[in-house]
Amino acid sequence: MHQDVNQLFSEIWQDYLSVTPSAKKVHELLGSSQQDDVINDHVAYRTFNIEKVGLNKLAAHLLALGYKECGEYHFEAKKLYAKHFEHTDPTAPKVFISELLLDKCSPELQAIVHRLVDQVSPEAVNAENFLYSGRHWDIDQSTYRTLLAESEYAAWLSVWGYRANHFTVSVNHLQNFETLASVNDTLKQAGFPLNSSGGEIKGSPEVFLEQSSTLADAAEVEFTDGTKMIPSCFYEFALRHAMSNGELYSGFVAESADKIFESTNAR
Ligand code: NI
């Protein structure tokens, strides 16, 4: 097991940067060149609801480090179920894990996904590097396109596997920004395109959480029949607001998260 939470997230961050080069530039733009200057609100994962690799298998790595389950979410249209986890150390990122509900998908998609997951060894899922281990199967381009036609989520997962889908800057902790709009303006001026599905800012002070995100980078994927540039990961920004009891809201807003998922759509 990992010695501590910081070590785990440092590995996850390095793996994420390897396919999301813009994240380092965004980091420098908002904080400084020191990674420690930027506190992450949360990190997000995707998986399939097959027991071998399901949400609980990912969560086990977090529970072992002292994380606790804190909320659950349903996304009817995207056929997803999700939970979020928090650590007692408030500077440790929350973790949002979603899984695709295969029984609500077509028989063709289900057959493809089972073929992929059959290639994953149970030992790999339990190994300490699973949350930054990437893909555990071979895939060709036409299989990717078949998945993409039905579920962008499934297609993304089929090429990128088990790694952070996004990191999220805690705007509350940024020294130089008070509002999410000012973060967004700085990003746009520096040339980073934002996800505008549902508006650039998802949520509001009324639901205690405002979120925005960049559109995913593209990175080279090795298929069995050649390499191709595919949308990889993105960076999200979250500003949390105090509830009537004075505490910052720590949950997620399903309606906003629903739009954030679209940050990995092909541009
Ligand atoms: Ni997120």
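This is a predicted model: local features need pLDDT of at least 70, side-chain atom pairs count only at pLDDT 80 or more; totals for chains, interfaces and linings use all residues.
The buried residues of helix 2 are covered by several elements, including helix 1 (5-19), strand 5 (166-170), helix 8 (180-189) and strand 10 (234-240).

**The buried side of helix 2**
- Helix 2 spans residues 22-30, and its buried residues are S22, A23, V26, H27 and L30.

**Helix 1 against helix 2**
- The axes of helix 1 and helix 2 are 7 Å apart, and the two helices pack at an angle of about 110°.
- Helix 1 is therefore roughly perpendicular to helix 2, since angles from 65 to 115 degrees count as roughly perpendicular.
- In this contact, helix 1 contributes W13, Y16 and L17, which meet A23, K24 and H27 of helix 2.
- Sorted by class, the residues of the contact are 4 nonpolar, 1 polar and 1 charged.

**Helix 6 against helix 7**
- Helix 6 (residues 141-150) and helix 7 (residues 152-160) have axes that come within 6 Å and cross at roughly 150°.
- The two helices are therefore roughly antiparallel to each other, a description that applies to angles over 145 degrees.
- On the helix 6 side, Y144, L147, L148 and E150 meet E152, A154, A155, S158 and V159 of helix 7.
- The residues of this contact divide into 6 nonpolar, 1 polar and 2 charged.

Notes: Residues are numbered from 1 along each chain as its sequence is written. Side-chain values use heavy atoms; hydrogens and water are left out. Buried means under 20% relative accessible area, exposed over 50%, partly exposed in between (1.4 Å probe, protein chains only). Helices (H or I, at least four residues) and strands (E, at least two) are DSSP runs, numbered from the N terminus. Contact means heavy atoms within 4.5 Å. Axes are lines fitted to C-alpha atoms, for helices over the stretch in contact, and angles run from 0 to 180 degrees between N-to-C directions. Angles under 35 degrees count as roughly parallel, over 145 as roughly antiparallel, 65 to 115 as roughly perpendicular and the rest as oblique. Ala, Val, Leu, Ile, Met, Phe, Trp, Tyr, Cys and Pro count as nonpolar, Asp, Glu, Lys and Arg as charged, and the others, Gly among them, as polar.
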